[in-house]
Amino acid sequence: MADKVKIEGVTKSGVSRRQFMGTTAKAVAAGTVVAGFPYISTGNEPLRTIGLGVSIINDIQAQASKDLGFEVRGQALGYGAMFGKMLNQNDQYDIAEGYYNDFDVFIPAKVWHPTDTKRVKEWDSISDLSKTGRLTPDSNPGDGDAPFRKLWINESGDLVDGPSRYVSAVPTWHNADTLGYNPEETGGKLESWASLFDDKFRGRVALLNVPQIGVMDAAMGAEAGGLIKFKDKGDMTRQEIDVLIDFLIQKKRDGHFRAFWETFGQSVNLMVSGEVAVESMWSPAVTAIRSEGVPCIYADLKEGYRGWHGGLSISNKVSGKRLDQAYEYINWWLDGWAGAFVARQGYYMSQTDNVKKHLSPEEWDYWYMGKPAAKELMDPFGNPLVPKGEVRDGGSYWDRFKKIAVWNSLMKENDYLVKRWTEFLTA
Amino acid sequence: MEEREVSLHRGLIGAQPEPAANGQRVNRQASREGGFSTGWLIAPSVAWMLLFLVIPLISIFVFSFWTSTGYGLEPGFNLQNYGDYFVSKGFFDPESRRFLSPSVFIKTLGTTFRFTFEVMLLCLLIGYPIAYFLAMRVKSFKWQMALFLLCMVPFWTSYLIRAVAWLPMLGRRGLLNSMLLALDIIDKPTRVLLYSEFGYTTALVQIYIVLCVGPIFFSLAKIDADIIEAAKDMGATAFQIFREIIFPLSLPGVAIGMIFIFVMLMGEFATAVVVYGGKTSTVGTVILNYYAIANYPFAAVNAIMLMLAMMAGVIIILRLVNIRKEL
């Protein structure tokens with residue numbers, strides 16, 4: 001692993017460092033699979049953790065190994081593969097770095113160990129965002145699978161109305177997503193999600209092609225445009241889905257959508273190459289687009305944001321010494337180093353005090369407080385990322401997270417949604 | 001006998017070996033030489049196929065009758081999945097007053113079929129002349145090989161790169177648009193090139209055409225030059241020669257090429273995402289979507305339907321051309 005980091009250090013132009021890291025992580029992950037097969041138990045097997053590229057980054061697990069004194073081995077997977085492995089092969093990992101919007105599946109499947117909050121050192125200092133849904137007293141908890149709705153379980157793993165001693169996952173990194181746009185192309189500031197369906201942008205709009213998330217962005221746009229009022233955007237009825245999808249099909253036939261993107265890189269390319277003016281976007285994409293010299297704003301829209309939240313769970317196949325290590329890894333995540341690492345990519349942590357200790361004052365002011373960068377800031381791999389004077393769109397962490405309109409969710413009508421979404425794409 | 005030796009066509013593939021005068025004797029000789037019996041020789045591949053093809057196929061079939069509970073699978077014999085596959089809104093849709101509206105999955109299969117045939121036809125129309133030129137017009141073996149390798153060059157890069165490479169070609173600020181703008185043919189960038197059926201078909205043809213150029217080239221190169229010579233001597237026109245001799249003899253290559261392209265295209269999903277901007281769904285993307293939400297039974301139903309469609313297609317192609325006989 002040390003070798004990999006060293007190679008990393010000398011890589012310059014060409015592939016961006018983050019992409020390279022991704023590749024390295026995958027290579028390491030592949031190595032893990034191959035090496036894992038004939039492994040003979042010595043009592044010193046590494047702690048195996050799986051998740052998306054958001055939290056499984058070589059540097060993070062390497063630092064954890066160093067700090068904890070035992071090896072932590074990460075495997076970054078694509079979404080479908082992660083979901084399938086977490087659900088069906090819980091003997092193949094020790095830690096699941098999952099997302100609360102999938103917990104309607106994972107909690108009843110009972111694939112995880114009920115995490116005992118008494119063993120989580122920083123439990124009390126984890127913010128109320130994930131415990132009560134209100135980061136500040138005046139916050140809006142938002143529709144859908146907010147972490148506080150999927151957090152509390154009893155000792156046997158059933159979902160309960162919290163608070164309780166046991167949780168499904170320890171809340172960690174999270175973010176608030178919104179529309180991204182090129183102000184030169186839109187000819188001004190966007191104020192509302194309704195812009196997503198504004199005829200002005202016909203043929204210059206892209207949407208995320210993940211049915212469960214794309215439909216949320218579409219719902220925000222349709223509701224803001226006055227087409228439909230949802231009772232609960234996080235759990236739509238069939239009728240609501242029908243109205244929305246029929247509207248989307250009409251829009252698609254009118255040539256409103258330029259493309260539907262599936263990967264982070266695609267969303268960046270669409271805007272950099274000038275194909276789209278407005279699109280649903282993930283936060284780090286904004287920085288990636290700007291670094292190509294293309295102006296891009298992560299819209300602060302009056303209807304609010306679409307939030308998502310990750311967490312750490314332990315497989316219920318884990319016991320004994322390994323279980324202790326699993327708790328140590330969770331505690332390590334809350335200790336600040338990892339939180340600072342993901343902060344430099346634009347993600348927030350559930351425990352902010354420790355993150356602050358690991359960020360420079362300038363970094364803290366920019367990433368969390370929404371103030372102009374007092375000096376040039378680096379990404380987690382040491383590359384220049386934010387030029388001096390730049391301000392993060394949307395204000396401070398607290399400003400953003402009191403305005404979550406809806407959380408990424410798995411609806412009861414998910415099968416119906418996927419079917420209608422397929423119809424939308426085929427139309 | 002000696003004259004016959006000389007007149008044997010020494011094409012690219014070389015002359016076919018003369019069938020043994022007495023097959024039985026050859027066989028006996030082989031077994032007398034010792035070594036493994038036929039059963040042992042095919043055992044590894046049979047084991048491989050059983051383990052990695054037959055068993056997975058059977059399990060896909062079995063899964064397709066199970067029920068997805070959202071967080072797991074319930075074994076059983078449930079035909080609901082197949083019902084959902086075929087009929088979308090019940091037997092009578094009161095709103096549109098239609099019976100049995102075909103489901104989106106049937107429509108997707110239909111779209112996939114349509115694109116596949118379009119691309120197969122284009123590949124044949126463009127690929128055949130290329131193969132013909134290589135095999136019939138280029139006389140030197142060296143040049144034949146060199147040009148054929150040139151055709152193969154795109155295959156040396158990854159499949160995804162070949163698809164992605166179309167973006168800077170066809171994009172709004174792409175090469176083609178810049179050219180058209182510079183030539184004053186259009187006054188603002190056209191959007192029909194990329195993320196459109198045009199762009200999708202173009203990319204698919206470019207990506208898969210080698211799969212048909214190769215086999216057609218080989219079957220054309222195998223045609224005995226003497227036959228063509230004889231036809232010419234007897235006064236056949238160039239078109240007659242093509243229609244009566246060259247085309248029928250090249251059919252096995254055409255069929256093999258078409259089968260390759262057909263099978264690849266039916267399972268296609270990545271190009272639709274990259275070059276068509278995900279604006280259509282193929283059976284492949286539907287399977288992927290249901291796999292991603294862990295509804296394995298329904299993904300399995302789609303996979304089985306795709307497999308049946310593929311089998312039907314291959315059988316039709318094989319019916320049209322009897323490869324065994326022609327070879």
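Two strands pair if DSSP finds at least two bridges between them. Helices (H or I, at least four residues) and strands (E, at least two) are DSSP runs, numbered from the N terminus.

**Entry 1. The ground rules.** I noted that this is a predicted model, in which local features need pLDDT of at least 70 and side-chain atom pairs count only at pLDDT 80 or more, while totals for chains, interfaces and linings use all residues. Residues are numbered from 1 along each chain as its sequence is written, chains are lettered from A and ligands numbered from 1 in the order in which they are written, and side-chain values use heavy atoms, with hydrogens and water left out.

Entry 2. I looked up E5(A) and strand E8 (residues 166-167) of chain A, and found an antiparallel pairing over two bridges. Within it, Thr115(A) has Val167(A) in E8(A) as its bridge partner. The open sheet has three strands in the order E5-E8-E7 (chain A), paired antiparallel. Strand E5 (115-116) and strand E7 (152-153) of chain A are at the edges with a single partner strand each, so one side of each lacks a neighbour in the sheet.

**Entry 3. Chain A as a whole.** I recorded 17 helices and 17 strands in chain A. Of its 427 residues, 60% are buried; buried means under 20% relative accessible area, exposed over 50%, and partly exposed in between (1.4 Å probe, protein chains only). The accessible surface of chain A is about 16400 Å², and 51% of that belongs to carbon and sulfur atoms. Accessible areas come from the Shrake-Rupley method with a 1.4 Å probe; for residues, only the protein chains shown count as cover. I also looked at contacts (heavy atoms within 4.5 Å). Among those in chain A with a separation of 6 or more, 68% are between residues 24 or more positions apart.

**Entry 4. Strand E1.** Why is strand E1 (residues 47-51) of chain A largely enclosed by the rest of the structure? I found that four of its five residues are buried. E1(A) pairs in the parallel sense with strand E2 (residues 72-76) of chain A over five bridges. From E1(A) the chain crosses through helix H3 (residues 58-68) of chain A to E2(A), in a right-handed β-α-β crossover. Right-handed here means that, with the strands pointing away from the viewer, the path from the first strand over the helix to the second runs clockwise. E1(A) also pairs with strand E3 (residues 95-99) of chain A, in the parallel sense and over three bridges. I traced Ile50(A) to a bridge partner in each: Gln75(A) in E2(A) and Ala96(A) in E3(A).

**Entry 5. Two loop residues.** Lys110(A) has a positive phi of about 50 degrees although it is not a glycine. I located Lys110(A) in the loop between helix H5 (103-109) and strand E4 (112-113) of chain A, and at 36% relative accessibility Lys110(A) counts as partly exposed. Val318(A), in the loop between strand E14 (305-315) and helix H12 (320-333) of chain A, is buried, with a relative accessible area of 6%. Its C-alpha atom is separated by 9.0 Å from that of Trp112(A), which is 206 residues apart along the chain.

**Entry 6. Salt bridges.** I counted as a salt bridge a side-chain nitrogen of Lys or Arg within 4 Å of a carboxyl oxygen of Asp or Glu. In one of them, Lys233(A) meets Asp143(A), with the closest N and O atoms 3.9 Å apart. Lys233(A) lies in the loop between helix H8 (211-224) and helix H9 (238-253) of chain A and Asp143(A) in strand E6 (residues 143-144) of chain A, so the pair ties together parts 90 residues apart in sequence. Lys233(A) is buried, at a relative accessible area of 6%. Another salt bridge joins Arg238(A) and Glu413(A) (3.1 Å, N to O).

**Entry 7. Where the chains meet.** How many residues does each chain bring to the contact between chain B and chain A? I noted 29 from chain B and 36 from chain A. Together the two chains bury about 2900 Å², 54% of it on carbon and sulfur atoms. Buried area is the accessible area (1.4 Å probe) that two parts lose on being put together, summed over both. Tyr71(B), Arg172(B) and Lys279(B) supply 21% of the area that chain B buries against chain A, more than any other three residues.
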